[in-house]
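This report covers a sheet, the helices against it, and a pair of aromatic rings.

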Amino acid sequence: MYDTVLLPTDGSDGIGAAARHAGTIADRFDATVHVLSVVDTRNRFESPSSGLSADAWLDAERERAAEAIEATVTELPDGVSVETTQREGVPKSEIVDAVTEIPADLVVMGTHGRTGLDHYLIGSVAETVVRESPVPVLTVQLSEE
């Protein structure tokens, strides 16, 4: 039923919960977990006066994505086949594109469960992936562990 499980990660606290779900499913179906982290290329550094150049900011984002992948892989059970990818772009778009490019049979991803103003201002990557993914998406509430 599942050959490839896509596990997007941004390195958030609590990602282990999503990794455990992905790992359990992969173990059950002898599937590969494909851990993906997206380098958000939208320029978000605070201001030119912050002392952080756009290049330095992007380098920091690449490092953050690499660390997110590494931390997430360590949360997966031993014996589960793992592949990793780092992409660059807008996270929600890159995750949806990765579903077909990998190709994945299932997406397992964490959600912060933001509501109200936080949800409106920050948006929800998970919500977009649920709406636009051509394969099933299992969302797991991230919690502090």
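The text below goes from the sheet to the helices and then to the rings.

This is a predicted model, in which local features need pLDDT of at least 70, side-chain atom pairs count only at pLDDT 80 or more, and totals for chains, interfaces and linings use all residues. Residues are numbered from 1 along each chain as its sequence is written, and side-chain values use heavy atoms, with hydrogens and water left out.

Five strands form an open sheet in the order β3-β2-β1-β4-β5, with parallel pairing. Strands are DSSP runs of E of at least two residues, and helices are runs of H or I of at least four, numbered from the N terminus; two strands pair if DSSP finds at least two bridges between them. At the edges are β3 (81-89) and β5 (137-141), each pairing on one side only. Strand β2 (residues 32-40) is joined to β3 by nine bridges, and Val38 has Arg87 in β3 as its bridge partner.

Angles run from 0 to 180 degrees between N-to-C directions, with axes fitted to C-alpha atoms, for helices over the stretch in contact (contact: heavy atoms within 4.5 Å).

| Helix | Lies across | Angle |
|---|---|---|
| α2 (residues 54-75) | β1 (4-8), β2 and β3 | about 160 degrees to β2 |
| α5 (residues 125-132) | β4 (106-111) and β5 | about 155 degrees to β4 |

There is one aromatic pair. The ring centres of Tyr2 and Phe29 are 5.1 Å apart and the planes are at 90 degrees, so the pair is edge-to-face (rings of Phe, Tyr and Trp, its six-membered ring, pair with centres within 6.5 Å; planes under 30 degrees apart are stacked, over 60 edge-to-face, the rest tilted). Tyr2 precedes β1, while Phe29 belongs to helix α1 (residues 15-29), 27 residues apart.
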